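Please have a look at it first.

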Amino acid sequence: MAVVRTLRAIPWRVRMEIVRVVAIALVVELALRRLPLPRVARLLGVRIAADRAESPLPDGPLPDVLTDARRRREFDAAARVMRHWPARRMCLRRSLVLGRLLRDLDPALRLGVARSDDGLLAHAWIEVAGVRLDSGEVRFVSLVQPDVGR
């Protein structure tokens, strides 16, 4: 009964956004299990960034295009859904879902690594207009495409 009360308390627009994010997350989950990552990213409208550019964390307010009411609902719905998603290693899934939601802004998926006591750790995040939309994990170094012919 508490779940029903909780659902009733969520505004209609937010509920619709949650349904949309769940649908995208299901597509991402199935695609990651069947297809190589470059193809999944291409299908979702997210390019994989593999250049040497640095991606700073936002040190001030995000650009207006990322903070309007619709984008805020998308971010919040994605956070709600992915927080309860039944899979491990959520950063790639979360990044692909967010990239799909932001596809009209030409999002870039970055993959990075960091050393730990146990070996290497991997992480994925989304950038829009060169701004990293990941609130933490600055220790990860972005993977780059190797220079061919040098």
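The buried residues of α2 are V14, E17, I18, V21, I24, A25, V28, E29 and A31, where buried means under 20% relative accessible area with a 1.4 Å probe and protein chains only. Please bear in mind that this is a predicted model, in which local features need pLDDT of at least 70, side-chain atom pairs count only at pLDDT 80 or more, and totals for chains, interfaces and linings use all residues. Residues are numbered from 1 along each chain as its sequence is written, and side-chain values use heavy atoms, with hydrogens and water left out.

Helix α2 covers residues 12-34, and its 23 residues should span 33 Å at 1.5 Å a residue, which agrees with the 34 Å between its end C-alpha atoms. Its buried residues pack against α3 (37-44), α5 (69-83) and α6 (90-101).

Turning to two of those partners, α3 and α6 pack at about 30°, with their axes 9 Å apart, and that makes α3 roughly parallel to α6, a term that applies to angles under 35 degrees. On the α3 side the contact (heavy atoms within 4.5 Å) is made by L37, V40, A41, L43 and L44, and on the α6 side by L92, L96 and R100.

Which residues touch the most other members of the largest nonpolar core? Of its 34 residues, these are L96, V97 and L102, and α2 gives the most to this core, with seven residues. Among the residues that L96 touches are V28, L32, V46 and L109.

How values were computed. Helix = DSSP H or I, 4+ residues; strand = E, 2+ residues; numbered from the N terminus. Expected span 1.5 Å × (residues − 1). Buried < 20%, exposed > 50% of the residue type's maximum accessible area, 1.4 Å probe, protein only. Axes fitted to C-alpha atoms, helices over the stretch in contact; angles between N-to-C directions. Parallel < 35°, antiparallel > 145°, perpendicular 65-115°, else oblique. Core = buried A, V, L, I, M, F, W, Y, C linked by side-chain atoms within 4.5 Å. Lists of a residue's contacts leave out its neighbours within four places in sequence.
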